[in-house]
Amino acid sequence: MNNRYEFIAPCHFGLEAVCKREITDLGYDIVRVEDGKVTFTGDMEALVRANIFLRTTQRILLKVAEFKAETFEELFQNVKKVPWEDYFPPDARFWVTKATSVKSKLFSTSDIQSIVKKAMVERMKEHYHIRWFEEDGEEYPVRVIIYKDMVTIGLDTSGESLHKRGYRKMVSKAPIEETLAAALIKLTPWNKNRILVDPFCGSGTFPIEAAMMGANIAPGMNRDFQAQKWPNIVPEKLFERGFEEARSLVDHSVKMDIQGYDIDPYIVKAARENAKRAGVEEHIHFQQRPVHRLSHPKKYGFIITNPPYGERLEDKEDLPVLYREMGKAFEGLDGWSEYVITAYKDAERYIGKKAAKNRKIYNGMMKTYFYMFPGPKPPKRKRPEQA
């Protein structure tokens with residue numbers, strides 16, 4: 001195996017630029033940016049660091065093949081050409097965990113999955129001279145993406161989706177994914193020196209993700225990854241080094257003003273528990289408080305929130321009142337910036353002002369809008385000698 005690889009970082013549709021910037025900041029070169037994914041290059045250390053440090057990607061795939069296929073025969077033959085023995089030991093448990101096909105002649109995902117598996121087995125038979133594979137060793141999940149007849153095959157190095165940071169044991173009714181929350185925060189100019197309030201904090205995802213960013217806590221610092229079980233591909237010492245790097249960068253001396261409110265006392269308790277597990281409870285103040293009681297004496301703060309948007313029909317009737325209350329509360333916050341993600345189409349109407357910008361973002365299959373109401377920038381602080 002060579003020491004330069006291509007990796008694929010899938011992300012939420014509409015947030016590719018945020019993911020790209022994160023990968024560049026980590027020090028790796030971008031190959032291309034497409035709908036819902038960013039491809040970059042690096043060595044095996046890049047695989048480890050991307051899994052531990054990236055906040056906005058769903059998983060990291062190690063790309064093993066790319067080719068064109070318009071028939072199942074072409075798919076089979078091209079998959080069989082891949083040197084699977086470089087990746088799978090003879091006892092490996094390997095299968096296609098997911099296949100997607102968009103605008104392609106091969107569209108039956110179940111057929112794609114079984115043909116790719118069959119081709120992998122044939123290649124392994126020829127190489128290892130074994131007729132039957134027990135598959136009782138480590139798991140090597142494979143993902144297949146077909147777009148306009150171009151087939152991309154990757155090994156899933158993450159295992160459980162990277163939004164599972166390990167801190168969220170208790171969730172509210174419609175929680176926002178951690179990766180999406182992190183990406184939305186990164187779309188705003190918020191930084192650790194600015195006030196942040198989430199008046200619909202639910203299980204605390206926005207405040208927790210912000211506090212983790214402010215204290216420089218890597219999102220994957222306290223979890224495991226599938227590739228840790230692949231010493232034949234990723235040397236163990238690389239993960240040891242990656243976790244050590246993450247631990248050394250944590251800064252708890254930082255002072256932050258982050259607050260999360262919710263009307264439900266049980267949810268507030270859950271949010272506190274989650275923040276504790278994430279190691280950021282000292283940086284966030286959680287409180288039971290309805291949105292109409294939202295206020296803050298200081299200027300130039302940020303609201304970043306995911307209010308209810310009536311997933312159930314009976315909740316829809318309450319939305320005009322709720323969004324009016326939110327708009328009224330915003331009026332009382334002098335010089336603040338507000339950022340609201342919602343699927344509620346009348347959000348601007350009832351908030352009572354037009355967003356400067358609104359981005360269409362897919363939260364799973366649901367189309368949502370990220371309404372941006374940026375406030376004025378705070379005046380620059382004078383240096384002591386200028387004062």
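A: First, a convention: axes are lines fitted to C-alpha atoms, for helices over the stretch in contact, and angles run from 0 to 180 degrees between N-to-C directions. Helices (H or I, at least four residues) and strands (E, at least two) are DSSP runs, numbered from the N terminus. This is a predicted model, in which local features need pLDDT of at least 70, side-chain atom pairs count only at pLDDT 80 or more, and totals for chains, interfaces and linings use all residues. Residues are numbered from 1 along each chain as its sequence is written, and side-chain values use heavy atoms, with hydrogens and water left out.

Q: Understood. At what angle do the axes of helix 2 and helix 7 cross?

A: The axes of helix 2 (residues 44–53) and helix 7 (residues 236–249) cross at roughly 40 degrees and come within 9 Å. That makes helix 2 oblique to helix 7; angles under 35 degrees count as roughly parallel, over 145 as roughly antiparallel, 65 to 115 as roughly perpendicular and the rest as oblique.

Q: Is that crossing left-handed or right-handed?

A: The crossing of helix 2 and helix 7 is right-handed. A crossing is right-handed if the near helix is turned clockwise from the far one by less than a right angle, and left-handed if anticlockwise.

Q: Which residues of helix 2 and helix 7 meet?

A: Helix 2 contributes Met-44, Glu-45, Leu-47, Val-48, Arg-49, Ile-52 and Phe-53, and they meet Leu-238, Phe-239, Arg-241, Gly-242, Phe-243, Glu-245, Ala-246 and Leu-249 of helix 7. Contact means heavy atoms within 4.5 Å. The residues of this contact divide into 10 nonpolar, 1 polar and 4 charged. Ala, Val, Leu, Ile, Met, Phe, Trp, Tyr, Cys and Pro count as nonpolar, Asp, Glu, Lys and Arg as charged, and the others, Gly among them, as polar.

Q: What about helix 3 and helix 4?

A: The axes of helix 3 (residues 72–81) and helix 4 (residues 109–128) come within 8 Å and cross at roughly 40 degrees, and the two helices are therefore oblique to each other. Helix 3 passes helix 4 in a right-handed crossing. Among the residues making the contact are Phe-72, Leu-75 and Phe-76 of helix 3 and Ile-112, Ile-115 and Arg-123 of helix 4. The contact holds 9 nonpolar, no polar and 7 charged residues.

Q: And how are helix 5 and helix 6 packed?

A: Helix 5 (residues 178–186) and helix 6 (residues 205–214) pack at an angle of about 65 degrees, with their axes 9 Å apart. They are therefore roughly perpendicular to each other. Helix 5 passes helix 6 in a right-handed crossing.

Q: Changing topic: how much space lies in the largest pocket?

A: About 990 Å³. On a 1 Å grid over the protein atoms alone, a pocket is an open set of points where a 1.4 Å probe fits, with protein on both sides within 12 Å along at least five of seven lines; lining residues have an atom within 4 Å of a point. Grid points are joined across faces, edges and corners, and a volume is the space filled by probe spheres set on the points.

Q: Which residues lie nearest its centre?

A: Of the 26 lining residues, Cys-11, Phe-13, Gly-36, Lys-98 and Thr-100 lie nearest the centre of the largest pocket. The lining divides into 12 nonpolar, 7 polar and 7 charged residues, and its largest share, 5 residues, comes from strand 6.
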